[in-house]
Every structure is written in structure tokens, then in C-alpha cells.
Amino acid sequence: MAILRYSIYRFGTMLLTLLVVSVLVFIIINLPPGDYLSNQINELKASGQSAGVAKAEFLRKEYALDRALWEQYMIWMGFMPGPHGFSGMIQGNFGWSFEFDRPVSEIVGDSLWLTVLVNMAAVVFVYATALPLGVIAAAKARTWADYTSAFVGYLGLATPNFLLALILYYYGRKYLDIPIGGLMDPAFEGQPMSWAKIQSVLVHLIVPTIVIGTAGASAMMQRLRANMLDELGKPYVETAIAKGMSPSRMLAKYPLRVAFNPFVADIGNLLPSMVSGSVLVSVVMGLQTIGPTLLTALKTQDMFLSGFVLMFVALLTLIGTMISDILLVMLDPRIRYEGRDA
């Protein structure tokens, strides 16, 4: 029951934080002088295209860009009626992309679930790799296993993601017939979900998962190793062994549980860092994720598209943080006690 109350409390704080983030995002996307339509109007006026200017001016009024900044924000979020009534983010209307001349929801439709899929696969890869390697490195400190794990970790941190992608694509295609580029075969793009499409996505997902997750796994492995070594040097470890507890059981029951806390807390930072850090990788590998879309939107000052993508990344951050907080409450009795008081 205490966990449920704490979960409701964290969900409420997440919504409040997301509201504050929406204000900051709207301010940030409006910081550069002008916007897509203003720049277009200036270009059209310079070239003498009056018909284009009239259309751009119509779009400014259609999407309330001619109003005060605070009114634009309220209409964008759906807190006050605009030219089409209450039709903002909270009503499911994400706006119009002036660069692509399509609704934002159509542009990011497939990209959203592919972004979530790629990053969730990368998170699973990070934890499945970092946990065993970090524990082995700490338990076998200053042995060949520790040195090998450290070498793999430093290699993962030092290798640029795009270079690793090119290497894996080359050898994967040569020896394992792994497809190059994208997250599915072009024949399945825009098609309804089917078993053949799922198989294509899973095969295409192998290289992006490794490329995006390698650096995170390497850094997390080093942190887990350092935390484990710190715990293994404490007196309670020697006491447990002196009382006859086997080293493997002692390792799992005490040091690993304590060292695992920051390991779980990293979930909140892992998801958004992967989304933002995979933009260049997505461009190089031709992934149909939201990263290249964000890059294009920011370059062209496409405010509704860039605003939605930034809000999506913020939502991932907050969801990841909430999940890590709840898991920490379940893992550590001290945190649970503080959560119950909250």
C-alpha cells in the first residue's frame, strides 16, 4: 500500500514537472529570432512572390503565431481556445509541420514507436552486458577477468558510435548477412504490422542496439565495479565470510544489493541520453527514429515539430526517473521508509 501511495505521489510530481518543462521548451524554441513562417515571408517578399506571402500570413493566423507569446503557449498546450477551439497538446493535436507541410502526428507516427523500440532494446543490452561484467570485474579484481572487462569497457567508451556502426555493418554483412541501414526492409515501410515485418525489424535492430548501447554499458560497468569494490572492502563482508557464508551467496546478498542502487537510478538518465546521443548515429545508419526529425526541425525552426520532439524526450526522462525511483523504493528499505513518510 505504501508503494502504491508513493507511485501516485511520483506520478503527480511527474505531471507537474512536465508542465514546467513545457514552458521551458516553448521558451527555448522561441529564443532564436523569427520562426519558419517569418523567415519564409521575408524570403518571399524579397523574391516578389505575393501569393506565397499571403499564404504564409494566413498560416500565421491559422496557428495563432500572430498573438502574444503567452497566448501561443496556452493555445499550443490546449489550455485556452485558439482559432479552432481547444485543440492543443493535451487534446492530442501536436500542431502542423511547416517544413514538411503535414501534421506533426503523421510525421512522427512511425518514428515514435521505432525510437522507443530501439532505445528499450539498447537499455536491455546495457544492463544485460554491464551487470555481469561489472560483478565479475569486482569479484575477480586484479585478475585477467578484471583486466579484460576493463579493456572492453575502455574500448567501448573510446570508439566513436558512427565508426563502430560502420565496422559492425561491414563485418555483419560479410559474415552474417546482416542488412545494412534502416530498421526494416523498405518493402515493409508504411505497411501494417505482420510477422514478416517483425522479423525484419528484429534483424535490423541488432547493429543499432549494440552501437547505441555500447558506450552506456561501458560506463555503467565501470561504475558498478567501483561500487562493488567499495562494498567488498567493508567490515561486514569479512564478518559474513568468517561466519561461514559462501563468497557467492555473500556477494549477491549484501554488496551487490547496495551497489545496485545507483545502477537502478541510472535508468532515469539512460533513456533520454540515448535518444539525444543517437541523433548522429541515426543519420549515419539511416534509422527511421525521431533523431533525424529533431535535427531537421531545429535547423529549419519548425517550432511545432521541434517542440513536440523535445517534449517527447522530456517525457521519456521523467518516466525513466519515476521508474527508477519506484524500483529504488522496492529495493532499499531505507528509501521505502522515506517514501512512506512522503
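Reader: Where do Y171 and Y175 lie?

Author: Both lie in helix α7 (residues 161–175), four residues apart, about one turn of the helix. A helix here is a DSSP run of H or I with at least four residues, a strand a run of E with at least two, both numbered from the N terminus. This is a predicted model, where local features need pLDDT of at least 70, side-chain atom pairs count only at pLDDT 80 or more, and totals for chains, interfaces and linings use all residues. Residues are numbered from 1 along each chain as its sequence is written, and side-chain values use heavy atoms, leaving out hydrogens and water.

Reader: What makes F98 and F304 a tilted pair?

Author: Rings of Phe, Tyr and Trp (its six-membered ring) pair if their centres lie within 6.5 Å; planes under 30 degrees apart are stacked, over 60 edge-to-face, the rest tilted. That rule gives 12 aromatic pairs. For F98 and F304 the centres are 5.9 Å apart and the planes sit at 45 degrees, so the pair is tilted. The two are 206 residues apart, with F98 in the loop between β1 (96–97) and β2 (102–103) and F304 in helix α16 (residues 303–331).

Reader: And what kind of pair do Y171 and Y175 form?

Author: A stacked one, at 6.1 Å centre to centre with 0 degrees between the planes.

Reader: How do you know whether Y175 is buried or exposed?

Author: Buried means under 20% relative accessible area, exposed over 50%, partly exposed in between (1.4 Å probe, protein chains only). Y175 has 58%, so Y175 counts as exposed.

Reader: Why is Y171 called partly exposed?

Author: Because its relative accessible area is 45%, which falls between those two limits.
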